[in-house]
Amino acid sequence: MSIDEAWYEVGVPGLDRQVSLELRRIRAVEPVQLTVGELLLRPWREDDLTAVWTARQDPLLRRWNHSGADTPEEVERLLARWADWGEGDHASFAVVSGPVLLGSVSLHSIDLPQGDAEIGYWTVAAARGRGVAARATVAVCSWAFATLELDRIQLFHAVENPASGRVAAKAGFTLEARLRRSHRYGDGVRHDELLWSRLSDDPTPW
Ligand SMILES: CC(C)(COP(=O)(O)OP(=O)(O)OC[C@H]1O[C@@H](n2cnc3c(N)ncnc32)[C@H](O)[C@@H]1OP(=O)(O)O)[C@@H](O)C(=O)NCCC(=O)NCCS
């Protein structure tokens with residue numbers, strides 16, 4: 001067992017902050033690019049700002065992927081957070097085809113010691129219904145199970161958002177539960193959500 005694994009497993013008492021930050025960096029998630037057919041999944045870049053701003057004008061995206069970023073400055077800060085994987089708690093991918101932004105898949109709330117994370121996605125309105133979200137989600141899950149050695153990835157969506165549920169089912173997730181009024185979405189309303197999960201030994205859908 002390496003020293004960083006030991007720290008995560010037993011939480012060495014008295015470990016000073018500088019050392020623990022150093023150990024966290026050892027386990028940081030290294031930025032990668034993934035290819036799925038014509039889709040490229042790559043870390044976000046500063047020059048994605050205009051495309052992200054445009055995508056975020058879509059009412060469905062604002063409703064179901066509300067992030068609290070409404071002004072150009074707020075979206076710029078959001079993009080900077082997505083682009084920085086340094087904390088090791090998320091791996092946020094832009095999904096592009098050539099120069100065109102098609103969507104986003106983000107593995108977030110990554111907890112390496114626990115071996116779990118959450119996943120979320122959106123696609124630009126013009127790219128929907130072509131399997132972009134499902135294919136990109138499968139690719140990120142395969143990478144995360146293989147490289148980050150996660151055992152469980154979960155996702156949540158509002159009951160009133162069946163398209164997201166179709167993506168989950170197509171990407172090999174299993175429906176586990178309905179959570180009552182569990183999250184306030186962009187419409188300001190707390191919605192019931194469906195909780196889905198994929199485990200590392202669940203079959204890959206294709
Ligand atoms: C949900 C979303 C990511 C799906 O992206 P996508 O690239 O169109 O996804 P896919 O093409 O892989 O699959 C979409 C599936 O939903 C289905 N679908 C679309 N609208 C639907 C609706 N209103 N009711 C039921 N199913 C619907 C499509 O038919 C397709 O299923 P199929 O392949 O069995 O026909 C996209 O619609 C989106 O960005 N919505 C707004 C933001 C959002 O909801 N994000 C998820 C938050 S949890």
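**Ground rules.** I am working on a predicted model, in which local features need pLDDT of at least 70 and side-chain atom pairs count only at pLDDT 80 or more, while totals for chains, interfaces and linings use all residues. I number residues from 1 along each chain as its sequence is written.

**Overview.** I looked up the protein chain and found 7 helices and 8 strands, where helices (H or I, at least four residues) and strands (E, at least two) are DSSP runs numbered from the N terminus. Of its 206 residues, 27% count as buried, a residue being buried if 20 or more other C-beta atoms lie within 10 Å of its own, exposed if 12 or fewer and partly exposed in between, with C-beta atoms placed from the backbone. Among the contacts with a separation of 6 or more, 59% come from residues 24 or more positions apart; a contact here has the two C-beta atoms, placed from the backbone, within 7 Å.

**Helix α6.** I checked the span of α6, whose 16 residues reach 22 Å from first C-alpha to last, close to the 22 Å expected at 1.5 Å a residue, the expectation being 1.5 Å times one less than the number of residues. I also found 12 of the 16 residues of α6 buried, so the helix is largely enclosed by the rest of the structure. Among the buried residues I list Val132, Ala136, Val140 and Phe145.

I traced β5 (residues 116-123), which pairs with β6 (residues 152-158) in the parallel sense over 3 bridges, pairing being called if DSSP finds at least two bridges between two strands. In this pair Asp116 stands opposite Arg152. Together β5, α6 (residues 132-147) and β6 make a right-handed β-α-β unit, meaning that, with the strands pointing away from the viewer, the path from the first strand over the helix to the second runs clockwise. On β6 I then found antiparallel pairing with β8 (residues 190-199) over 7 bridges, where Ile153 stands opposite Arg198 of β8.

**Ligand shell.** I counted 24 residues around the ligand, the closest being Trp64, Arg128, Ala133, Ala134 and Arg166; a residue is near if its C-beta atom, placed from the backbone, lies within 6 Å. By class I recorded 12 nonpolar, 8 polar and 4 charged residues, with Asp, Glu, Lys and Arg as charged, Ala, Val, Leu, Ile, Met, Phe, Trp, Tyr, Cys and Pro as nonpolar, and the others, Gly among them, as polar.
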